[in-house]
Amino acid sequence: MPYDQNPLDYSLLERLTQTFGPSGIEDIVTTAIADEVRPYCDEMKTDTLGNLIAIRRGTGKKIMIAAHVDEIGVMITHIDEKGYLRFAPIGGVSIRELPHRRVLFQNGIMGTIGVEKLEKPIDLKLDKLYLDIGATSREEAKTRVSIGESAVFAGNFTKQGKRMTSKAMDDRVGCFVAIEVLKRLKTDHEVYFVFTVQEEVGVRGAQTAAFALEPDLAIALDVTGTGDTPKAHPMDVKLAHGAAIKVFDRSMITHPKIKAWMAHTAEQHNISYQWEVLEYGGTDSGAIHLSKGGIPSGVISIPTRYIHSPSETVDQGDIEGAVQLLLALLEGPAELSIL
Amino acid sequence: MNNAQQSSAKDFLKRLSENSGVSGYEESLTPLVQAEFHPLADAVYTDALGNIYAHKKGTIGRYKIMLAAHMDEIGLMVKGIEQSGFIRFTTVGGVDQRTLLSQEVIIHGRKPVLGVIGSIPPHLLSDNGEKAVKIDEMGIDVGLPYDKIREVIQVGDIITLRRQCIEMLNQLVAGKSFDDRAGVVVMKICLEELQKIQHAHDVIAVTTTQEELGYRGAITSSYTLNPDLGIAIDVTHALTPDTKGQVDVELGKGPAVAIGPNFHPLVYEELLKSAREWRVPYQIHPVPGRSGTDAWAIQVTQAGVPTGLVSIPLRYMHTTVETIDMRDIVHTGKLLAYFIAGLPEDLEGKICY
Amino acid sequence: MLLKTLTQLNGTSGAEQEIRKILTEQLKPYVNSIHTDKIGNLIVHKNSLTVGPKVMIAAHMDEVALMITAITSEGFLKFKPVGGIDSRILVSKPVQINALLGVIGAKAIHLQKPKEREQALKIEQLYIDIGATAKEEAEKHVKIGDYAYFYTETEPLGEGYWKGKAFDDRVGCTLLTELLKKDYPLNLIGAFTVQEEVGLRGATIAAYHVQPDLAIILEGTVSAHMMEVEEGAWVTEPGKGPALSIMDRATLYQPKLLQQVIELAEKNGIPYQFRKGHSGGNDAGSIHLSREGIPTLAISVPCRYIHSTASVMAEADLQNALALVDAILKSIPNEFKF
């Protein structure tokens with residue numbers, strides 16, 4: 001039984017989700033992660049784009065684990081005379097869900113998204129939205145924020161039974177799984193835990209990291225949608241039914257041998273899993289598997305409801321399943337005929 | 001025209017077409033392609049994404065010419081299994097939902113399972129048949145109860161559209177996945193021709209994977225090869241009554257040689273020169289931007305690759321009745337062979353701007 | 001297998017000759033006489049009995065198809081449906097015309113605007129490609145008025161199911177042929193009718209000249225048993241036994257006949273279901289109104305995706321339909337009253 005039964009440290013997950021880290025400004029999150037994992041790795045470095053790479057030296061396969069640290073948010077593009085701000089989205093932000101959400105800047109300033117008078121609901125476009133930070137003039141606003149500054153959506157962390165809800169579960173929960181695995185991992189493989197940047201704006205950090213590391217094999221950790229809520233878009237993934245093994249998304253179709261490897265490992269260790277067929281979106285492995293001459297890649301996903309909202313909701317059992325599965329994969333031989 | 005060559009090409013095309021190889025799941029085609037290329041090449045090998053390379057050495061071998069034709073096809077994937085015994089699915093690649101009703105499929109579960117994509121009887125539709133049926137409203141009928149389905153089929157299983165090739169008048173053939181297995185047949189003909197003609201440069205015919213999902217196989221295989229010149233072979237739309245004004249290339253009038261920013265002007269010129277010199281019929285295929293083919297990936301590989309595109313005219317692309325003229329396939333293969341054999345020894349000097 | 005043989009033949013309304021030929025060959029050794037009437041119905045007299053009840057069992061030979069209505073200057077064929085065909089099932093399918101194969105293609109998805117994909121392709125937008133390069137060449141092989149048929153192999157599907165074309169109503173022809181190979185002590189007449197799909201036209205004539213005391217119609221009928229359809233709208237469900245018609249757009253079936261069929265089914269342990277749904281119709285519609293009126297039953301095999309290139313039916317329903325009609329015939333005249 002490879003899994004250390006010590007309970008996972010969910011206060012760490014809470015801290016990670018509440019840390020400020022929109023795409024492009026991930027250093028607070030990576031610093032927090034670096035402090036957490038330092039005792040458990042042989043070496044650590046940060047690359048040009050800001051990816052944090054924690055290395056476990058070994059003599060076996062060279063394996064890259066990727067979880068992205070960035071979260072979606074908004075960036076200030078204009079401040080008007082009366083002190084209202086206009087903004088642009090960072091990453092996959094659904095405009096029609098924005099009215100009256102709160103955002104937080106790095107310096108703690110809070111803003112509320114307001115909406116102009118609309119003739120018809122369909123008129124709700126980005127240019128009808130503004131940010132109200134309580135300033136009464138351009139000058140006053142400028143003392144608090146500046147053009148080009150980013151903010152993230154506010155959404156505190158709550159735990160009710162086995163369910164946890166917060167902003168930025170996407171993908172701090174993936175980072176959390178990577179950290180908890182790193183703490184428990186005993187393996188001969190050379191494992192690179194890469195906490196990637198700028199996933200939400202086009203898997204950019206993973207692309208350069210994979211090129212630099214040139215691993216034999218890569219596994220990304222990210223969230224995926226579910227189809228288990230009332231009248232949801234049909235999707236077979238359900239919360240609390242185990243970690244999901246990705247088969248397909250818009251960025252990658254998983255090699256059948258990778259699928260089989262992950263599923264067999266899960267079955268051998270009695271870890272429940274689900275198959276993930278995601279009809280939209282992609283993740284870090286989309287960039288990694290096309291790096292150089294091609295890198296066999298897989299994804300372990302954590303089923304998550306309400307992705308890209310301040311109330312991303314996950315289940316404790318699925319997180320523990322993901323930790324167990326990744327440990328089992330990394331502690332096994334990882335012998336694949338496609339490597 | 002050499003009829004033996006054309007009929008063996010047709011036989012290879014049929015075997016490729018009636019086999020399954022949806023993007024990412026091309027492995028079932030590998031033995032077939034390898035066996036066919038093995039006698040024509042010095043080495044045949046594969047890589048992590050499943051691309052198959054057939055390497056034929058040239059007399060000098062200082063430069064590498066990459067040919068690329070993709071073997072993957074569009075298809076479907078199991079998304080869910082309903083208690084009522086119907087299977088929900090999503091698409092892999094650009095599938096037109098309007099081509100799916102009443103279509104037979106093979107679900108690649110623990111064993112292959114035949115299915116029919118069910119359609120709601122017209123008398124239950126309120127819209128008088130004006131609207132296309134959406135994929136979410138379709139289900140695959142496999143004639144099995146739920147429990148039996150669960151024993152053989154899982155979410156994530158790949159599904160191929162099923163179609164036997166049919167022969168029509170004037171050496172036309174119709175079937176599925178001629179996009180781009182016809183291109184694979186072209187590469188075979190090209191290598192056959194190169195057995196007879198001397199060529200200075202190495203030729204690596206790459207049967208690529210995952211083109212339909214964004215030429216992913218071409219991205220990695222061209223990185224691996226880092227060729228000095230690359231030619232993608234794909235299909236292009238041929239004129240039909242409903243594409244007038246949108247399409248200029250015609251069936252049966254020879255390979256379509258592409259011109260545009262995706263292609264090196266000298267590669268284009270040389271292809272045309274070879275066609276004229278060897279009396280191969282050809283058509284000009286203007287592509288003002290993104291070509292949507294492996295050529296788009298090959299051109300921007302590493303420090304850049306001078307790239308060309310030669311296309312086989314084809315009607316009804318991405319349906320299961322893609323229609324092609326066998327003579328166009330043979331002509332395309334021959335044109336490529338003449339082009340390769342005609343390239344100067346000093347390739348680098350030739351292709352610099 | 002007879003079902004496979006019959007469904008892979010081609011014969012639409014008004015062009016049933018191939019079916020007639022094979023049925024005649026099949027039945028000749030077993031029956032007293034076979035003749036074709038003036039509209040093309042194949043009338044089969046099982047025996048020479050002239051006393052006792054006269055029972056006619058009818059199944060129609062024709063299937064839905066496409067009629068070639070024009071040939072374009074480029075050599076493509078335009079067509080109209082013979083019988084009820086949803087044009088949406090035609091796209092991306094091969095068809096057979098005379099000795100040729102052709103395809104019904106569609107404009108490639110790459111050349112469409114996203115909105116086009118939401119709209120069904122209408123029959124006027126479709127055409128058949130046989131590979132001809134010009135009208136003159138096409139005309140050597142195809143004439144206006146020729147028929148194009150679905151090109152589908154009849155094959156087993158899953159466990160106990162079949163998929164194929166023309167189950168409506170070669171399944172009825174199959175049943176009727178099997179019944180005519182058996183012996184019953186009554187004046188049994190098989191009527192393989194024509195032109196059902198264009199308005200129950202052959203049956204009108206058959207019933208008039210046969211003048212039976214009881215008519216039984218054997219059909220392949222609609223099943224809307226589909227994921228997206230509510231249970232109440234299924235009409236029939238494959239695998240749950242032959243469907244007894246209660247009412248359709250053309251006929252109200254006599255309760256006293258139905259009651260006797262139900263009793264026979266239950267006594268013999270034969271599963272059955274009711275054909276729930278009042279739309280559609282079959283040859284019963286014209287037969288039960290023939291002359292002074294004829295007691296009529298309709299017994300059907302449920303088919304999903306009827307009138308399409310690939311229908312699905314359960315083999316058990318076929319067997320149970322055969323057993324049910326067999327039980328009815330055996331109980332005439334002593335038990336079964338009409």
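How many residues does the contact take from chain B and from chain C? The views below come from a predicted model, in which local features need pLDDT of at least 70 and side-chain atom pairs count only at pLDDT 80 or more, whereas totals for chains, interfaces and linings use all residues. Residues are numbered from 1 along each chain as its sequence is written, and chains are lettered from A and ligands numbered from 1 in the order in which they are written.

**View 1. The contact between chain B and chain C.** Chain B gives 54 residues and chain C gives 55 residues, two residues being in contact if their C-beta atoms, placed from the backbone, lie within 7 Å. On the side of chain B that touches chain C, two or more residues come from each of β7 (112-118), β8 (139-141), β10 (166-167) and β11 (172-175) of chain B, and β7(B) supplies the largest share, three residues. Helices (H or I, at least four residues) and strands (E, at least two) are DSSP runs, numbered from the N terminus.

**View 2. An open antiparallel sheet in chain A.** Three strands follow the order β10-β11-β17 (chain A), where two strands pair if DSSP finds at least two bridges between them. The edge strands, each pairing on one side only, are β10 (158-160) and β17 (312-315) of chain A.

**View 3. The pairing of β10(A) with β11(A).** β10(A) and β11 (residues 163-166) of chain A pair in the antiparallel sense over three bridges, and Thr158(A) stands opposite Thr165(A) in β11(A).
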